[in-house]
Amino acid sequence: MKTWRNASLAVTAAALLALTTACGQGEGDVSPRGQAVGNAAPAEGGYGSDGGYGAGSAGAGASKPAGQLAVWDSDELGKVLTDSEGFTLYRFDKDSAEPPKSNCDGDCAKAWPPVPAEDATAAAGTGAEVIGRVSRADGSQQLTVGGWPVYRYAEDSSPGEAKGQGVGGTWFAAAPDGKKATSDADGSADGTRAGTSGLSVRQDPELGEIVVDKRGMTVYRFKKDSAWPMKSACTGACLKKWPVVAPVSRNDVEGVTTKGFVTFDRPDGIRQQSIDCWPVYTFSGDKKPGDTNGQGAGGTWYAVTPDAKLAGSPK
């Protein structure tokens with residue numbers, strides 16, 4: 001019995017040592033699915049728990065057919081697909097296009113109303129073949145563009161808004177062909193920025209060297225998070241303002257420490273990248289590469305240095 005107990009303790013200690021080495025003590029590239037990864041105390045500032053979808057009352061025309069699809073030229077997003085009334089249409093990274101499949105139901109579908117398939121016409125400049133439909137779990141038919149199911153966002157209250165862009169790191173405005181909308185300055189049609197690593201370093205005139213994502217957008221840390229155990233205190237409505245940085249391959253990193261470079265599964269189902277085991281985010285208030293509008297917000301949000309420290313944080 002004593003021998004068995006000693007062996008069991010040794011195995012447990014080895015597992016803990018391996019995870020500790022990955023988080024804060026050395027390099028790692030693991031996804032700690034079995035770790036006690038949870039939410040710390042809710043963030044201050046009225047951030048409630050809504051499943052991370054950004055649920056709200058349905059926007060204007062939420063359940064109406066799209067009608068004649070149109071294109072909105074956005075300075076930040078490039079060509080964005082809209083319905084006949086000018087409301088932005090979105091796509092969900094957790095869906096699939098081949099074959100078309102929607103994975104947004106229940107509360108998700110309240111925040112992101114599926115666009116009905118009937119009476120939709122392709123936008124000018126695209127062929128009729130880009131338009132399709134997919135059967136949802138409830139039997140209804142949803143519009144697809146380029147194979148991707150499309151949605152409206154309940155919190156877009158007027159034409160020309162794109163409040164859903166980047167929510168949860170999984171929702172993006174759709175381009176006329178169903179790909180992710182992106183401006184020519186940002187790069188390719190899949191939403192990546194040409195010639196830029198998944199995470200890299202930019203020299204900021206005030207903050208010095210800080211981490212940016214593949215779009216050149218500033219990456220932030222939240223002081224209420226913890227690295228060990230790895231926990232995120234940004235949940236619900238907080239994620240609409242501070243979208244998570246999606247998983248990045250270690251081979252797609254330039255100038256940024258890969259110590260504790262791990263991804264983890266949040267309780268809301270979103271996978272998030274960490275640097276030195278600190279969860280990292282971008283800020284919805286940053287509209288273009290080089291913006292640092294989130295710096296110092298609430299005394300808790302700061303840009304990240306290449307070694308995962310808080311840039312410009314008071315000592």
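Predicted model: local features only at pLDDT ≥ 70, side-chain atom pairs only at ≥ 80, totals over all residues.
Let's start with the rings. The structure holds 12 aromatic pairs. Take Tyr-90 and Trp-112: their ring centres are 5.4 Å apart and their planes sit at 80 degrees, so this pair counts as edge-to-face.

Now look at Trp-242 and Phe-283. With centres 4.3 Å apart and planes at 25 degrees, these two rings are stacked. Trp-242 comes from the loop between helix H3 (238-241) and strand S15 (263-265), and Phe-283 from the loop between S17 and S18, so the pair ties together parts that are 41 residues apart in sequence. Trp-242 is buried, at a relative accessible area of 2%, and Phe-283 is buried too, at 17%.

Arg-221 places its charged end over the ring of Trp-278, 3.7 Å from the centre. Over the face of Phe-172 you'll find Lys-180, 4.4 Å from the ring centre.

Finally, there's Asp-291, in the loop between strand S17 (278-279) and strand S18 (301-303). Its relative accessible area is 11%, so Asp-291 counts as buried. The Asp-291 side chain makes a polar contact with that of Lys-288, at 3.0 Å. Beyond its neighbours within four places in sequence, Asp-291 is in contact with Thr-218, Tyr-220 and Asp-286.

Conventions
Residues numbered from 1 in each chain as written. Heavy atoms only, no water. Helix = DSSP H or I, 4+ residues; strand = E, 2+ residues; numbered from the N terminus. Buried < 20%, exposed > 50% of the residue type's maximum accessible area, 1.4 Å probe, protein only. Polar contact = N/O pair within 3.5 Å; in protein donor to acceptor, adjacent residues only side chain to side chain. Contact = heavy atoms within 4.5 Å. Phe/Tyr/Trp six-rings, centres within 6.5 Å; stacked < 30°, edge-to-face > 60°. Lys NZ or Arg CZ within 6 Å of the ring centre and 35° of its normal.
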